[in-house]
Amino acid sequence: MSVVATDKLKSGQILAEEVRDINGRLLLSKGHAIAANHIRIFKIWGVSEVKLVGTDCQDGKSDSSVNPAMIEETRKSLKTLFCHVDLKQPVIKEIYNTAVQFRCKHNIIVENDDLPVDHQPAPPPDGDKDFLKKLQQKNIILPEIPAVALELKQVIEDPMSSAERIARVVSKSPSLTAVLLRIVNSSFYSLPSKISTIPHAVSLIGTQEISVLALGVGVLSIFRNIPSKTISTHSFLRHSLLCGLLSRVFAAHINLPQTEQLFVSGLLHDLGRLILFTYFPDESLNVLARSRNRNKILSEEEKDYLGCDHAQLGMQLMRQWKLPLILENNVLHHHDPSEAEQSVPATIVHLADIIANSLGMGSSGEKFVPPLDYNAWENLDLSPSCFETIIGQATHQFHALDSVLSV
């Protein structure tokens, strides 16, 4: 018997054990031969790996097509980004090794973060550096949540919401309708036929899932014009998207039913940085430059320079918008999930953010791989051996959604 990642399955292989979805529903019985449609169904329902009859299926990390010299060079250069974590720790070591292989396979070089590094930062402001208090004292008006997103929040909170209700709300925004239909028709969901209406999408995916997905996309669309002198909007979106997808696949892997909720949590985890980059570009540039000049974790530099970090800013905006508390929980504690009231979902976003930073597919400004909250990790009860499979599934979905959300 061998354990094989879903992405590496082939038609005709025989199941050694039955396959069930996140809700325990039987997808395919033991002893059945796998067909192409079974593989598609496994991916839709978040099945990351299955057990097959025989031992001839190899699922190792090595890729003979990658030049050994390139691997060695990538390992050396990637250590710079892992300088704030312990590479001897099994979890970090697994993330590091997987990131090396991934970057080599996709030719992602460490130096290519397209962020400003030559800016000479101003010294921290004198006196009180509490940026949250500064926001209140200057009466800075933060962006208002769109009416559609506000209605979607109400839909999420109402367990009796119908497909017709969510369709009516989403249809008030033609652009949101178009984006959601592009998403549900992408390989992100791998549905068997083309979906042309929101009610049809809701009937297949679920009211809660489609509404929270629409909420996340709607909120992110508020911040369209980040000043280019601080960070690339496209790069920021790619990092956020990958973190969301990793969170979604991790949630499915440990049988959490709220996979779309975790997707949106990952998508919005750096919401506070969007506030900084959009409304305080000079302060943001100073923090970015100081982080690089002093080789310091960006969130720690934010605390030193501003008196708070982006997670607190994101929480303030979510509280102002009265978004679901679980989203607030996951955003506020994505760097310290052991402090969260609901630790498991916050830990998933925390882990997704660390992995997303290691892979280098986009950036929210952080150059380094953030430290791991070991207490939270131990409570998650996961094996690092699952990382390669989860990363493979998330990045496969990433390519399906990257162009959709970039539009």
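A residue counts as buried when its relative accessible area is under 20%, as exposed when over 50%, and as partly exposed in between (1.4 Å probe, protein chains only). By that rule Phe 250 and Phe 387 are both buried. The model is predicted, so local features need pLDDT of at least 70 and side-chain atom pairs pLDDT 80 or more, while totals for chains, interfaces and linings use all residues. Residues are numbered from 1 along each chain as its sequence is written, and side-chain values use heavy atoms, with hydrogens and water left out.

Aromatic rings pair if their centres lie within 6.5 Å, taking the six-membered ring for Trp; planes under 30 degrees apart are stacked, over 60 edge-to-face, and the rest tilted. This gives four aromatic pairs. One of them joins Phe 250 and Phe 387 edge-to-face, at 6.1 Å centre to centre and 80° between the planes. Phe 250 belongs to helix α10 (residues 233-253) and Phe 387 to helix α19 (residues 387-406), 137 residues apart. Together with Trp 377, Phe 250 and Phe 387 form one aromatic cluster. Helices here are DSSP runs (H or I, at least four residues), numbered from the N terminus.

Next comes helix α11 (residues 259-267): eight of its nine residues are buried, so α11 is largely enclosed by the rest of the structure. Among the buried residues are Leu 262, Phe 263 and Val 264.

In α7, residues including Leu 176 and Leu 180 meet α9 residues including Ile 210 and Leu 213.

Conventions
Contact means heavy atoms within 4.5 Å. Helices (H or I, at least four residues) and strands (E, at least two) are DSSP runs, numbered from the N terminus.
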